[in-house]
Structure formats: C-alpha cells, structure tokens
Amino acid sequence: MSVLGVPILEGLYPSTMDLYPLEAKEFNRIHPFYENLRQKRFTTTKCKKCGSEPFPPRVVCPKCNSDDLEWVDLPTEGKVLRFTEEVAGVPLGFESPLIHALVDLGGGRKLISRVVNCKEGELKEGAAVKLAVFDIPPMIIEKKGVMAEAERVFFAFEPVKK
Amino acid sequence: MPDRKVCIIGGGMSKWGVREASIVDMTQEAAKDCFDDVPALKRADVDGLLFASSYCGRRSFQVNAAPVMAERIGLKPTSICTRVDTLCAGGSSGIILATGLIRSGMADIVMIAGGEKLYTPQRWETYYSELASIDHDWDGAQGIGLPPPFFSMTAQEHMKRYGTTKEQLSAVSVKNRRNGATNPKGHFQKAVTMEEVMAARPIAPPLGLFDCTPVTDGCAAVLLTHEDKAKELSDRPLVYIRGTAQATLHSMSMNWPGEHLADWLHLRTAAKKVYERARVGPGDIDVAQTHDCFTISEIIEMEDLGFCKKGEGGHFVESGQSDFGGEVPVNTDGGLLSCGHPFGATGIRQAREMLHQLQGRAIKQVEGAKIGLTHNLSGLNVEHTILIYGREP
Ligand SMILES: [Zn+2]
C-alpha cells in the first residue's frame with residue numbers, strides 16, 4: 001500500500017485557510033465590487049426600488065426585498081475618528097503594528113478599516129485618509145483539472161500625504 | 001401545550017487552560033463532572049443534547065459534532081441532538097433553546113455541553129483561525145481577527161468621553177483575578193496586583209496583557225429539566241430560568257448600532273427585554289456574571305445593564321460596587337479574565353456558577369443571593385445575550 005500525504009503539504013491551495021474573499025465571479029455574485037476596486041473605486045449596491053445603499057454590497061435589498069440593484073460609488077476619502085495600533089497577537093498575513101481606524105466617510109457612514117503605508121506613532125485623530133488598493137495573492141481555481149490563478153486586489157485606507 | 005417552569009439542576013467543567021487533550025476528551029470530563037453533580041440522574045434519562053462550539057469545525061476538523069459527543073458521553077437523545085454556534089454566547093444560546101424545548105414539553109431533560117480546543121499544534125494557526133470569528137470577507141480580510149483592536153478603540157472612546165482611567169480598567173482585572181484565584185477549574189489561580197496590571201506588556205494600547213482574556217481550551221456542561229423532575233432528582237434548592245433575551249442589530253464593522261463605540265444599544269435592547277421577561281429590574285440582581293472579554297467590556301456592561309449610570313462604570317468598579325460587599329458582585333468565579341474563554345463553554349460556566357451562587361454552594365459565596373444575571377457579548381460586539389436565574393420562578 002502507499003500512504004498519501006496531507007494534501008496541503010503537497011502544495012494544494014486550501015481556500016478554507018485563505019484570509020481574503022473568494023472574489024472570482026465563479027464563487028461570488030458581488031465580484032463587481034472587486035473589479036471596481038481595481039479601478040480605484042469604492043462601491044456598493046443601491047436599490048433601484050427604494051434607494052437604500054447598504055454596505056457591504058448585497059444581492060437582495062434588505063429593506064424592500066427587491067433584487068433590482070445597481071453599483072454606486074462611495075467616498076474614497078475620510079477622517080480618522082479613533083485608531084488603534086495592535087502590537088501583539090497579530091495574525092499571520094499581517095505585520096505588527098497592525099493599525100486600524102474608525103473612519104468617518106461622511107453622510108453617517110463610518111467603517112473600521114486597516115490603515116497601511118503608515119508607521120507606528122504617525123497617525124493622529126482627525127487625520128485625513130484615502131482608499132488604498134493593493135494586490136493580494138491569487139486564489140487558485142480548478143478548471144477541468146487544470147489549476148488556474150485568479151488575480152485579486154483588496155483595500156485598506158492610507159494617510160493623505162500633505 | 002404545556003407551560004412548564006424550567007430549572008437548572010447540575011453543572012460541571014473540565015479543567016480549563018492550555019490542555020493536553022482534545023475537545024472530545026474535555027467534553028467527556030465536563031459531562032462526568034456534571035453527572036457527578038446530580039447522582040440520582042441516569043444517562044438514559046437525558047433526552048436532549050445541545051453542544052455549543054464554534055471552532056470544532058475549524059480547529060478539530062469536526063462539523064456535526066453533537067452526535068459524536070452524544071456517543072462519547074454515552075447519551076442516546078431522542079428529543080433533540082444538535083450543535084449551537086453563537087461564538088462567545090454559544091453556551092447561553094444552548095440554555096435558551098433548551099429552556100424553550102423543556103417549557104413547551106418538547107424535551108424533558110437536556111444537557112447543554114460545549115467548549116473549544118483552541119490551541120493547535122502550531123501556534124500561528126491558533127491566531128490565524130480567529131479571522132473566521134467575524135465577518136470573514138470584510139473584517140477578517142482587514143486583519144481585525146478576535147477583537148483587541150476593536151476594544152482598544154472602545155476603551156479610548158470611553159476614556160475620552162467619560163474620563164475613565166487605566167487604573168479603573170485595571171481594577172476589573174485585579175478583582176476578577178482575585179475572585180478566580182480560588183477556582184480550581186479556571187485557567188489561572190493567581191491574583192494580580194494593580195502595579196502588575198498597569199505595567200503589563202501592551203497588546204493594543206490602552207489594553208495590556210491583563211486587560212484581555214487569554215486563549216483557553218476547555219469544556220463545560222449543565223443539565224436543565226422541568227420543575228417536577230428537578231424536585232424528584234435533587235434535594236437542593238430549585239434554581240429557575242426566569243427570563244432570557246438575545247439581541248443582534250448589526251453584523252459588521254460598518255453598521256455599528258450605537259451613537260459611538262462605547263454606546264452599546266444592542267446590550268440595552270437585550271437588557272430591557274430580559275428584565276421585563278424576568279419581572280425584575282437591575283436593582284434586584286444579587287449577583288452577576290458578565291462578559292469580561294476585556295476590562296473595558298465589564299465597565300460598559302455595568303452601565304448598559306443598568307447597574308450604574310452611563311459613564312460611571314469605571315468609578316462603579318473602582319469603588320468596589322461590583323465586588324463582594326458592593327452593590328452587585330460581578331464575576332464571582334473569576335470571569336473570562338481569570339477562567340479563560342473557550343467560547344462555547346463560557347455561558348455554561350456562567351450558568352454553573354450561578355447555580356452554585358443561588359444554591360448557596362459557590363466557592364466565593366454572595367450571602368443570600370436569590371436572583372442572578374449572566375451576560376455574553378459575542379463576535380465583534382455584534383450580539384448580546386442575557387439570562388436571569390432565580391430561586392423563585
Ligand atoms: Zn430596496
């Protein structure tokens with residue numbers, strides 16, 4: 001008999017260990033969000049029936065149940081309300097200090113985002129930050145027995161340099 | 001349809017800590033301790049098992065864990081046998097569900113067991129897996145993980161808005177580690193001084209090492225049944241589940257429901273409902289176990305549970321109002337800060353401590369306690385779960 005190894009030790013891609021979204025259209029109906037990101041646009045879905053613009057994007061409007069939605073742009077600049085610099089217990093895939101901020105995008109929209117391109121001690125409350133888009137490792141999709149790489153981007157915010 | 005009164009009749013725990021054991025081992029230990037607590041009960045009489053665990057699927061590669069645990073414990077449930085996952089509140093969710101099933105006559109004697117094996121053979125996987133605890137595609141991908149950064153910002157908000165001090169945060173840790181020092185089942189049996197807490201290495205400032213619950217392996221189990229069966233099985237005072245509530249108003253970092261991060265509207269929403277259902281107010285609570293995942297959490301919980309006014313939680317803790325001899329002793333067995341937090345087991349640990357308090361047999365007893373409250377927050381502060389127990393239904 002032959003004893004086979006643990007598959008991931010043989011170099012196979014385990015999507016259940018992938019910290020990033022499975023963005024490809026084969027796996028995700030909101031893949032336009034990521035395609036828009038690639039164009040440096042920060043977008044969400046707007047309900048054509050009732051006008052609600054929830055974030056993150058949806059495939060069905062949670063207010064009126066319509067599935068007639070369109071993509072709209074959100075602001076790409078905001079202001080830091082609070083921030084934190086995590087120095088211990090940072091997950092693999094991120095570097096210490098791992099900086100996060102509560103960002104006010106205006107119009108009642110606030111979100112917690114990672115802040116990149118920023119050194120420890122550099123960020124201040126009230127600072128202006130803007131959308132940062134960067135490449136992340138591709139996900140590997142099996143198509144008819146062939147492993148194909150699907151390229152991906154993700155986002156954070158970064159200080160606006162004066 | 002019957003409307004039966006529901007009692008908690010027994011509780012058990014495995015040893016909690018960094019365990020050289022699997023989740024299946026620790027579940028058996030907790031169930032043994034629980035059956036030892038109710039000697040008159042036979043395994044064959046238990047007709048339900050709810051197993052609360054979030055990470056068995058990821059860190060023990062075991063989904064559909066309830067039948068596995070039933071088989072190992074030696075149960076043959078015929079009314080209900082299922083897993084419950086509400087992360088930090090899983091155990092409490094199991095108790096709420098079991099209460100409904102027993103009250104309505106759909107089950108008679110239900111064991112709620114649960115816990116986690118969080119330490120993996122390589123430590124990176126322990127932390128990395130925490131990215132699954134929150135909204136994976138949006139928050140996990142931002143590296144928010146289990147939430148020290150989120151609670152760091154919450155603490156800053158409370159300090160700036162209400163003048164809460166690092167000493168007041170530390171007072172929570174000093175109290176809970178002192179309470180836990182005599183609890184042999186918890187992760188730590190060692191009190192810490194104010195100086196040690198203040199000087200501890202930073203995790204996400206202002207939160208330091210002793211402001212955060214540790215990563216802990218462990219399991220716990222309790223037994224619930226209806227009033228008549230409870231009288232038959234034990235001569236101890238009856239402890240009733242008087243009211244329950246669970247509120248969730250958002251699920252991701254964009255849609256925070258409160259005015260600011262230290263304003264926990266979802267906790268107040270759950271509190272209002274549970275007090276109505278239990279027909280009591282915050283002033284009637286003799287003892288409480290609240291979710292001290294971080295020191296700042298316990299301070300805000302004192303406020304939004306109604307034990308003190310908004311903004312006065314820091315002073316409430318510092319002045320001893322949440323300690324023995326104060327207004328309402330909180331986390332009498334050490335809480336999460338001393339016992340640790342194997343997510344699915346925590347609500348069950350709290351229920352067991354409440355059973356002991358209301359039966360007058362706790363290790364650190366609140367004299368004459370008649371009404372108790374347990375509380376969990378779960379995930380990236382997305383949900384609040386509260387139960388009220390009492391010596392009267
Ligand atoms: Zn709509």
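Visitor: How many residues from chain B and from chain A does the contact take?
Guide: In this predicted model, chain A gives 39 residues to the contact and chain B gives 33 residues.

Visitor: And how much area do chain B and chain A bury between them?
Guide: Together they bury about 3200 Å², and 62% of that lies on carbon and sulfur atoms. On the side of chain B, 25% of the area buried against chain A is supplied by B:W138, B:Q142 and B:M254, more than by any other three residues.

Visitor: How many salt bridges are found across the interface of chain B and chain A?
Guide: There are 2 salt bridges across the interface. A:R82 and B:E157 form a salt bridge through their side chains, at 2.8 Å from N to O.

Visitor: Which elements of chain B each supply at least two residues of the side that touches chain A?
Guide: They are α5 (123-128), α6 (148-162) and β5 (202-204) of chain B. The largest share, 8 residues, comes from α6(B). By type, the residues on this side of chain B are 18 nonpolar, 8 polar and 7 charged.

Visitor: A change of topic: where does A:P62 lie?
Guide: A:P62 is in the loop of chain A between β1 (43-47) and β2 (69-73).

Visitor: Does A:P62 count as buried or exposed?
Guide: A:P62 counts as exposed because its relative accessibility is 53%, and the cut-off for exposed is over 50%.

Visitor: What separates A:P62 from A:T43?
Guide: Their C-alpha atoms are separated by 17 Å, and the two residues are 19 residues apart along the chain.

Definitions and conventions. Residues numbered from 1 in each chain as written. Chains lettered and ligands numbered in written order. Predicted model: local features only at pLDDT ≥ 70, side-chain atom pairs only at ≥ 80, totals over all residues. Heavy atoms only, no water. Helix = DSSP H or I, 4+ residues; strand = E, 2+ residues; numbered from the N terminus. Buried < 20%, exposed > 50% of the residue type's maximum accessible area, 1.4 Å probe, protein only. Contact = heavy atoms within 4.5 Å. Buried area = accessible area lost by both parts, 1.4 Å probe. Salt bridge = Lys/Arg side-chain N within 4 Å of Asp/Glu carboxyl O. Nonpolar A, V, L, I, M, F, W, Y, C, P; charged D, E, K, R; others polar.
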